[in-house]
Amino acid sequence: MKIITLLKRVPDTEARILINQEGTGIREDGLKYVINPYDEYAIEEGLKVREKVGGDSKVTVVTMGPEEATELIRTALAMGADDAVHIVDPLLENAGPFTSAAVLAKVIEEEGFDIIFCGKQAIDDDMAQVQTILAEMLDIPQVNVATEFELSDDGKKAVLSRRIEGGDEKYETALPAIISCEKGLNEPRYASLPGIMKAKKKEIRKKTLADLGFETKPQGGRAEIVRWLPLPKSGECKIVEAEELQDAVKELVRLLREESKVL
Amino acid sequence: MTDILVFGELRGGKAKKITKELITAADRIAGELGGEINGLFVGEGAASAAEEFKGYGFKRIFYAEDDALKNYSTEGYAKVVSDVIKSTGARYVLAGATAMGRDLFPRVAARVDGVMFSDCVDLRVEDGRAIAKRPVYSGKVFIEITSKDERPTIVAIRPNNIPPAEPKGDGAEIVKQDSDVTIDTIRAIAKEIVPLAGGRPDLTEADIIVSGGRAMKDASNFKILEELADLLGGAVGASRAAVDSGYAPHALQVGQTGKIVNPKLYIACGISGAIQHLAGMRTSKVIVAINKDPNAPIFEKAHYGIVGDLFEVVPLLTEELKKIL
């Protein structure tokens with residue numbers, strides 16, 4: 001079985017994000033980057049499927065991103081992925097979802113695929129669109145925000161749970177399909193020391209847009225960011241105090257009713 | 001042409017409350033740019049929802065309801081929605097940034113060769129263009145975004161950000177949308193919905209949320225938060241620290257790798273206020289922090305704070321509210 005997992009390099013969840021001086025994006029200096037947290041569940045699920053199916057099953061990591069993403073791809077290979085494709089091209093900086101999907105579709109068609117795992121969204125632009133547009137471009141179904149995944153014995157379909165408001169939607173899909181992964185789907189493994197050693201020898205195939213047969217950035221020019229806005233400054237916190245805790249609580253209730261009128 | 005299509009999402013045969021919020025947003029755009037507003041309901045209950053929304057200022061309300069559309073499927077619903085966008089020539093399509101909206105509309109955007117803005121918190125007109133505001137980097141900054149050309153533009157708006165519309169106008173024309181979707185062409189489909197235990201409102205839709213952090217110390221202690229939440233008709237949330245410690249399921253996690261919430265009142269109990277937690281709840285209208293540590297960062301974002309042990313403060317708060325509610 002040919003398993004593809006998508007990996008994106010994003011700023012760490014604990015990173016402070018500030019707008020740059022020109023107001024055209026964020027300040028990238030000093031930012032720590034990590035594998036998009038949801039992509040870790042995708043890698044883990046890909047590895048689990050390979051282990052279940054066995055034979056000559058293979059997990060290929062596909063990443064679109066700058067040169068620096070290589071070290072994160074190595075981490076995925078150290079977790080156990082077999083090889084990787086890394087699309088690096090300056091024209092792809094700040095690519096929108098349609099551009100990303102078109103490029104990924106090209107790579108994935110070249111690689112061949114039986115199932116594709118990815119994170120439910122990347123925690124930078126938070127669009128959560130690429131996987132679904134990609135599914136449309138590849139003419140396959142997708143199941144988003146999966147919290148459970150079970151491959152059928154014949155490998156032709158899967159049953160899943162997907163997280164929705166106030167519950168879980170039990171889903172069934174034919175394969176090939178794209179599955180976007182939610183926290184809770186599994187516990188991503190850590191890279192072992194032998195894994196890290198092995199990863200150094202695994203192949204990362206670098207490709208540019210030209211290598212993929214694109215003369216220019218595909219499918220771009222749909223949206224325009226008008227401006228970047230910082231968070232509104234938060235006001236002063238009113239600390240409610242009293243000799244007796246009970247009186248402080250009483251005062252808090254009064255403020256919530258009379259001042260802010262939320263109760 | 002600035003015609004607008006409002007997608008009214010159905011759950012259990014009823015229109016979700018986001019539908020009325022989307023109508024308000026549509027009115028704003030149509031008010032400035034002109035154009036007619038049409039509605040669309042797909043799935044079980046679509047016909048009766050179309051009837052229910054007759055008096056909300058729509059020109060036409062389309063509905064599609066048959067066996068193949070009874071359960072949600074991206075493919076089946078995308079076909080109907082794309083057909084209506086094409087036949088009405090809608091320039092703007094407004095949808096909820098819900099589990100369904102987030103799954104369905106990127107595919108619709110691809111089918112109509114459009115563009116989509118996910119998870120928007122506001123939509124207004126500036127210089128003759130509709131501009132959507134949306135958080136990026138999990139709400140640590142915002143962008144305002146617009147489409148570059150005249151292609152169909154889908155704006156998915158989060159619940160609880162825009163006031164709901166009131167009934168107005170003459171009755172809409174109700175149009176049955178024939179769907180040629182057949183069940184055997186659908187490759188992925190929802191079989192059933194299993195509700196979360198507790199019967200509380202969903203975090204993303206709740207007006208009031210009571211959340212617990214690492215200081216909860218144990219899963220069983222969430223009982224005191226549940227009592228307070230139930231008294232207020234609210235939802236229970238948890239910080240990542242509490243979820244990772246096994247005190248609460250991930251479905252309750254609020255923050256960057258959990259739910260992004262926007263209630264009227266958010267009560268943070270024993271939550272220190274890590275940046276990734278703040279990213280998920282900072283837009284709450286009123287934030288109350290209860291924490292033993294007066295230096296906890298949560299107090300910098302809160303409107304009201306009590307410095308004290310949550311195990312004393314929360315039960316007192318519940319008792320106090322019982323007296324008056």
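Reader: What covers the buried residues of α6(A)?

Author: In this predicted model, the cover includes β13 (238-239) of chain A, and from chain B it includes β16 (265-269), β17 (286-291), β18 (304-307) and α9 (310-324).

Reader: Which residues of α6(A) are buried, and how do you know that they line one face of the helix?

Author: A:Ala248, A:Val249, A:Leu252, A:Val253, A:Leu255 and A:Leu256 are buried. Seen down the axis of α6(A), the buried residues fall within an arc of 155°, so they line one face.

Reader: How do you know that the span of helix α6 of chain A agrees with its 15 residues?

Author: At 1.5 Å a residue, residues 245-259 should span 21 Å. The end C-alpha atoms are 20 Å apart, which agrees. After α6(A) comes A:Lys261, with a positive phi near 55°.

Reader: Why is B:Ser82 called buried?

Author: Buried means under 20% relative accessible area. B:Ser82 has 2%, so B:Ser82 is buried. This serine is in helix α3 (residues 74-88) of chain B, and among its contacts beyond four places in sequence are B:Val108 and B:Arg111.

Reader: What makes the pairing of B:Asp103 with A:Gln142 a polar contact?

Author: The cut-off for such a pair of N or O atoms is within 3.5 Å. The side chains of B:Asp103 and A:Gln142 make their polar contact at 3.1 Å. B:Asp103 lies in helix α4 (residues 99-111) of chain B, and the residues it touches include A:Thr132, A:Tyr171 and B:Tyr72.

How values were computed: Residues numbered from 1 in each chain as written. Chains lettered and ligands numbered in written order. Predicted model: local features only at pLDDT ≥ 70, side-chain atom pairs only at ≥ 80, totals over all residues. Heavy atoms only, no water. Helix = DSSP H or I, 4+ residues; strand = E, 2+ residues; numbered from the N terminus. Polar contact = N/O pair within 3.5 Å; in protein donor to acceptor, adjacent residues only side chain to side chain. Contact = heavy atoms within 4.5 Å. Expected span 1.5 Å × (residues − 1). Buried < 20%, exposed > 50% of the residue type's maximum accessible area, 1.4 Å probe, protein only. Arc of directions from axis to C-beta.
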